[in-house]
Amino acid sequence: MSHSFTAPWWARNPHLQTILPVLTKVPRPKLQRERLELPDGDFLDLDWQQTPADGEPVLVLIHGLEGSAQSHYARRMLLECRNQGLAAVVHHHRSCSGMPNRLPRSYHSGDTEDLAFSLRHIAGRFPHSPLLAVGYSLGGNVLAKFQGEQGEHSPLTRAAVVSAPLTLSACAKRLEKGFSRVYQSYLLRQLQQKLRAKIANPAMQMPVSADKVDSLNTFKEFDDKVTAPLHGFTGVDDYYHRASGLPFLGRIASPTLILHAADDPFMTEAVIPTQAQLSGAVHYELYPHGGHVGFIDGGHPFKPRYFLERRVLAFLTDRS
């Protein structure tokens, strides 16, 4: 299906669509932090741009792998929410708010329990405010899986999922090929840095030793040796199978928009659902161009214009 996105002639390269947004300056939002203590002794950080008045909706942003409230897509969405007077808050995955988390475990692509905890807390604070959510990349997979798990009991009125790796095994393989290896290397360096810091802490019981970290140079290796054992999976295949969002799309009961670009350098066709895999509540949009969390639709290279914020907010506020 198509809505109204067309990449300009100068932005039809998937890597330009993916990289240029990272390099483009976006004003730093003014945020107020709220810390949530978790039952297992760890914590989550919420960054509020604006809290809702009684009964006004609040938008929860769920960032991608090693992202935060300072990621380019989060900054742009927060800016647009401010312009529209919409309350917004960023749910940070464990260890992503600028502060290391307390436990050996951190977060993963299928971790819906932490998101559920944040949403329960927000709903408790603002019981009359409709909850909306947008998830990007890994955060989009988490959100899609959460929506499917919750079904008709989802606390979310509407949701949007952007550039989600809904089939994790295929996406991990894709990132081992061609220029996509640059993205894999960039993200793995951040994960390895956090891993080394935890290994250096004698109180942390980690599944690998310091001398093995550099050998974990693909997502599949890292997820097999670190992510899977830390989060209760028997191995990487078990993790990818159980954490992928695609099988959950048929159970979604509240309106959910899913956006993909066919040229996304993080993805393959394996992430594209068939009509039979979608519930009637899912509105799926696939575009020829857009890269990974890019979707530049105009402007010029020094001041690009983006489709994502307009489309996502129009859907979440039920304007289209």
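Which side chain meets that of Arg 311 in a salt bridge? The partner is Glu 285, and the N to O distance is 2.7 Å. A salt bridge is defined here as a side-chain nitrogen of Lys or Arg within 4 Å of a carboxyl oxygen of Asp or Glu. The pair links distant parts of the chain, 26 residues apart, with Arg 311 in helix α9 (residues 308–316) and Glu 285 in strand β8 (residues 282–287). Helices (H or I, at least four residues) and strands (E, at least two) are DSSP runs, numbered from the N terminus. Arg 311 and Glu 285 are both buried; buried means under 20% relative accessible area, exposed over 50%, and partly exposed in between (1.4 Å probe, protein chains only).

The model is predicted, so local features need pLDDT of at least 70 and side-chain atom pairs count only at pLDDT 80 or more, while totals for chains, interfaces and linings use all residues. Residues are numbered from 1 along each chain as its sequence is written, and side-chain values use heavy atoms, with hydrogens and water left out.

In total, the structure holds 20 salt bridges. Another of them joins the side chains of Glu 37 and Arg 102, at 2.7 Å from N to O. These two residues lie 65 residues apart, Glu 37 in strand β1 (residues 32–37) and Arg 102 in the loop between β4 (87–91) and α3 (112–125). Glu 37 is partly exposed, at a relative accessible area of 45%, and Arg 102 is also partly exposed, at 38%.

Asp 297 and Arg 305 form a further salt bridge, in which the closest N and O atoms are 3.1 Å apart. Asp 297 counts as buried at 10% relative accessibility, whereas Arg 305 counts as partly exposed at 44%. Elsewhere, salt bridges with shared partners join Asp 40, Asp 42, Arg 94, Arg 105, Asp 111 and Asp 114 into one network.

The second largest pocket has a volume of about 290 Å³. A pocket is an open set of points on a 1 Å grid over the protein atoms alone, where a 1.4 Å probe fits, with protein on both sides within 12 Å along at least five of seven lines; lining residues have an atom within 4 Å of a point. The lining has 14 residues, and those closest to the pocket centre are Arg 76, Leu 79, Glu 80, Tyr 306 and Glu 309. Two or more lining residues come from each of α2 (72–84), β10 (303–306) and α9.

Conventions:
Grid points are joined across faces, edges and corners, and a volume is the space filled by probe spheres set on the points.
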